[in-house]
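These are my notebook entries on one structure. I looked up a loop residue, the aromatic rings and a pocket.

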Amino acid sequence: MIPKNIVIVFVTENIKKRTFDYGLDFAKKFDSKITILQSLYRQPPKFAFFETKGDEKRRERQKKSCLKSLENFVKMGEKFDISVKTKVVLSDPISKGIISYVNGKDIDLVILDSLKLKSFEEVFFGNIVSELHKNLKCPILLLN
């Protein structure tokens with residue numbers, strides 16, 4: 001199987017260039033397209049049953065901030081004439097956003113970085129990886 005559509009997944013705001021470099025190497029070798037998916041935890045609304053305008057604004061600021069931080073990867077892809085798109089998904093749980101995006105597209109490979117997280121975050125990351133292995137339709141490359 002030759003991966004033509006690659007998704008590089010970041011699950012925290014701590015983005016590592018190394019993960020993108022792996023995806024870029026695959027894209028160069030197989031003439032693939034890359035989508036960078038930043039999936040972050042969606043904060044529950046301030047009031048339990050409905051969202052306020054403040055909740056919406058906070059979510060939009062978070063998305064804009066993430067997209068801005070991913071712009072460098074798009075520029076790096078342009079240097080090598082590789083299509084790089086960015087997408088930010090806020091969901092609860094994080095794995096739900098990744099699964100719905102990847103399974104809804106024609107994706108051949110998911111690259112996920114194994115991060116150095118705080119102890120309480122490691123539990124959540126393990127759950128995310130487990131859910132992805134169970135529910136994604138394509139292979140996952142988990143980097144250490």
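Entry 1, a loop residue. I located Ser32 in the loop between helix 1 (17-30) and strand 2; helices (H or I, at least four residues) and strands (E, at least two) are DSSP runs, numbered from the N terminus. The model is predicted, so I noted that local features need pLDDT of at least 70 and side-chain atom pairs count only at pLDDT 80 or more, while totals for chains, interfaces and linings use all residues. Residues are numbered from 1 along each chain as its sequence is written, and side-chain values use heavy atoms, with hydrogens and water left out.

Is Ser32 buried or exposed? I found Ser32 buried, because its relative accessible area is 4% (buried means under 20%, exposed over 50%, partly exposed in between, with a 1.4 Å probe and protein chains only). Leaving aside residues up to four places away in sequence, I listed the contacts of Ser32 (heavy atoms within 4.5 Å) as Pro3, Lys4, Ile6, Phe26, Ala27 and Ile82.

Rings of Phe, Tyr and Trp (its six-membered ring) pair if their centres lie within 6.5 Å; planes under 30 degrees apart count as stacked, over 60 as edge-to-face and the rest as tilted. Phe10 and Phe73 have ring centres 6.0 Å apart and planes at 15 degrees, so I recorded this pair as stacked. Because Phe10 belongs to strand 1 and Phe73 to helix 2 (residues 53-79), the pair ties together parts that are 63 residues apart in sequence. Both Phe10 and Phe73 are buried. I also noted that ring pairs link Phe10, Phe20 and Phe73 into a cluster.

Phe26 and Phe30 form a stacked pair, with 6.2 Å from centre to centre and 25 degrees between the planes. These two residues are separated by about one helical turn, because they are 4 residues apart in helix 1. Phe26 is partly exposed at 24% relative accessible area, and Phe30 is partly exposed at 28%.

Which elements give two or more residues to the lining of the second largest pocket? I first noted its volume of about 150 Å³. Among the lining residues are Asn5, Ile6, Lys33, Ile34 and Thr35. The elements in question are strand 1 (5-10) and strand 2 (33-41); strand 2 gives the largest share, 3 residues. A pocket is an open set of points on a 1 Å grid over the protein atoms alone, where a 1.4 Å probe fits, with protein on both sides within 12 Å along at least five of seven lines; lining residues have an atom within 4 Å of a point. Grid points are joined across faces, edges and corners, and a volume is the space filled by probe spheres set on the points.
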